[in-house]
Amino acid sequence: SGVYVATCDQEIADVVTGYGGNVIITSDRHLNGTSRVAEAVESLDCSHVMLLQGDEPLMLPRHVERVIEQIYNNPADDAWNATGPIENADELDRHSFVKCAVADDDTVICCFRRSPCFSSFETQKTFIRKILGLIAYRKEFLAGLTARPASRIEKAESIEQMRIIENGFVLKSVPVNESLPSVNEPLEAELVLEYIKNNPEQKSLLNRILSAKTHA
């Protein structure tokens, strides 16, 4: 039920508090969001933690609710990651965002930046999905995970989810119906802004935020 922005940047903290949000200041030495959130929740009383990464500004409340539903259904699982469909064949080779191969039971088998598969695009898109920046953990599991050293593939490919898989733990895919634009490269920020301007659902959410600030 608690929502916090974890950051080491005072400028970000000031913007968040200006909108009435809660901020937890963390170390400036974190290499990824997983370790930052692990620090942020050390003193929070909770059983599970959900990380919504800052480069995913278009994720919607219904996506968050979808992950929460899966946590309630299987609270003893280790971790959950929202995934979206691969929509174009060229996305299989785009290194700027992470893809994953998913088994029939929604277990993530492996994560990669370029597809290692040779089957047709029509076949690959049935089991390869885009990793979205919405991931949840059991709090106890998260603490243990971040205490482990970075794993080999995690370091080589810069994919933090691989620490879960390489250590033999289970990461579950939580499928959502769309792969919304995210900011993986500087030029993509403009695409996100255009999406907010032109998508009715995104515009409605933004207006609610602005209205809340006005009446605060």
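User: Why is Arg-163 called buried?

Analyst: In this predicted model, Arg-163 has a relative accessibility of 12%. The term buried applies under 20%, so Arg-163 counts as buried.

User: What makes Arg-163 and Glu-154 a salt bridge?

Analyst: The closest N and O atoms of Arg-163 and Glu-154 are 2.8 Å apart. The cut-off for a salt bridge is 4 Å, and the pair therefore qualifies. Glu-154 has a relative accessible area of 6%, so Glu-154 is buried.

User: How many salt bridges are counted by this rule?

Analyst: The count comes to 9 salt bridges. One of them joins Arg-62 to Glu-201, with the closest N and O atoms 2.9 Å apart.

User: Why is the pair of Arg-62 and Glu-201 said to tie together parts that are apart in sequence?

Analyst: Arg-62 belongs to helix H3 (residues 61-73), whereas Glu-201 belongs to helix H9 (residues 200-215).

User: Are Arg-62 and Glu-201 buried, partly exposed or exposed, and what makes them so?

Analyst: The relative accessible area of Arg-62 is 39%, and the relative accessibility of Glu-201 is 34%.

User: What makes Glu-188 and Arg-94 a salt bridge?

Analyst: The closest N and O atoms of Glu-188 and Arg-94 are 2.7 Å apart. This value is within the 4 Å cut-off, and the two residues therefore form a salt bridge. The pair links distant parts of the chain, 94 residues apart. Glu-188 is in helix H8 (residues 188-198), and Arg-94 is in the loop between strand E4 (79-85) and strand E5 (99-102).

User: Why is Glu-188 called buried and Arg-94 partly exposed?

Analyst: Glu-188 has a relative accessible area of 10%, which is under 20%, so Glu-188 is buried. Arg-94 has a relative accessibility of 30%, which lies between 20% and 50%, so Arg-94 counts as partly exposed.

User: Which residues are closest to the centre of the second largest pocket, and how much space lies in the pocket?

Analyst: About 180 Å³ of space lies in the second largest pocket. Of its 13 lining residues, the closest to the centre are Arg-94, Lys-130, Pro-181, Ser-182 and Glu-188. By class, the lining has 4 nonpolar, 4 polar and 5 charged residues.

User: How many disulfides are counted by this rule, and how do you know that Cys-100 is in no disulfide?

Analyst: The count comes to 0 disulfides. For Cys-100, the nearest cysteine sulfur is that of Cys-111, 5.4 Å away. A disulfide requires the sulfur atoms to be within 2.5 Å, and Cys-100 is therefore in no disulfide. Cys-100 has a relative accessibility of 0%, so Cys-100 counts as buried. Cys-8, at 36% relative accessibility, counts as partly exposed.

User: Why is the pair of Phe-141 and Phe-169 called edge-to-face?

Analyst: The ring centres of Phe-141 and Phe-169 are 5.0 Å apart, and the ring planes stand at 80°. The centres lie within 6.5 Å and the angle is over 60 degrees, so the pair is edge-to-face. The count comes to 1 aromatic pair. Phe-141 is in helix H5 (residues 139-147), and Phe-169 is in the loop between helix H7 (162-166) and strand E8 (171-175), 28 residues apart.

User: Are Phe-141 and Phe-169 buried or partly exposed, and what makes them so?

Analyst: Phe-141 has a relative accessible area of 6%, which is under 20%, so Phe-141 is buried. Phe-169, at 28% relative accessibility, counts as partly exposed.

User: What makes the phi of Asp-106 worth a remark?

Analyst: Most residues other than glycine have a negative phi. Asp-106 is not a glycine, yet its phi is positive, at about 70°. Asp-106 is found in the loop between E5 and E6. The relative accessible area of Asp-106 is 31%, so Asp-106 is partly exposed.

User: Where does Ser-158 lie, and why is Ser-158 called exposed?

Analyst: Ser-158 lies in the loop between helix H6 (152-157) and H7. Its relative accessibility is 54%, which is over 50%, so Ser-158 counts as exposed. The phi of Ser-158 is near 55°, a positive value in a residue other than glycine.

Definitions and conventions:
Residues numbered from 1 in each chain as written. Predicted model: local features only at pLDDT ≥ 70, side-chain atom pairs only at ≥ 80, totals over all residues. Heavy atoms only, no water. 1 Å grid on protein atoms, 1.4 Å probe; cavity = no way out; pocket = protein on both sides within 12 Å on 5 of 7 lines; lining within 4 Å. Points joined across faces, edges and corners; volume = space filled by probe spheres on them. Nonpolar A, V, L, I, M, F, W, Y, C, P; charged D, E, K, R; others polar. Buried < 20%, exposed > 50% of the residue type's maximum accessible area, 1.4 Å probe, protein only. Salt bridge = Lys/Arg side-chain N within 4 Å of Asp/Glu carboxyl O. Helix = DSSP H or I, 4+ residues; strand = E, 2+ residues; numbered from the N terminus. Phe/Tyr/Trp six-rings, centres within 6.5 Å; stacked < 30°, edge-to-face > 60°.
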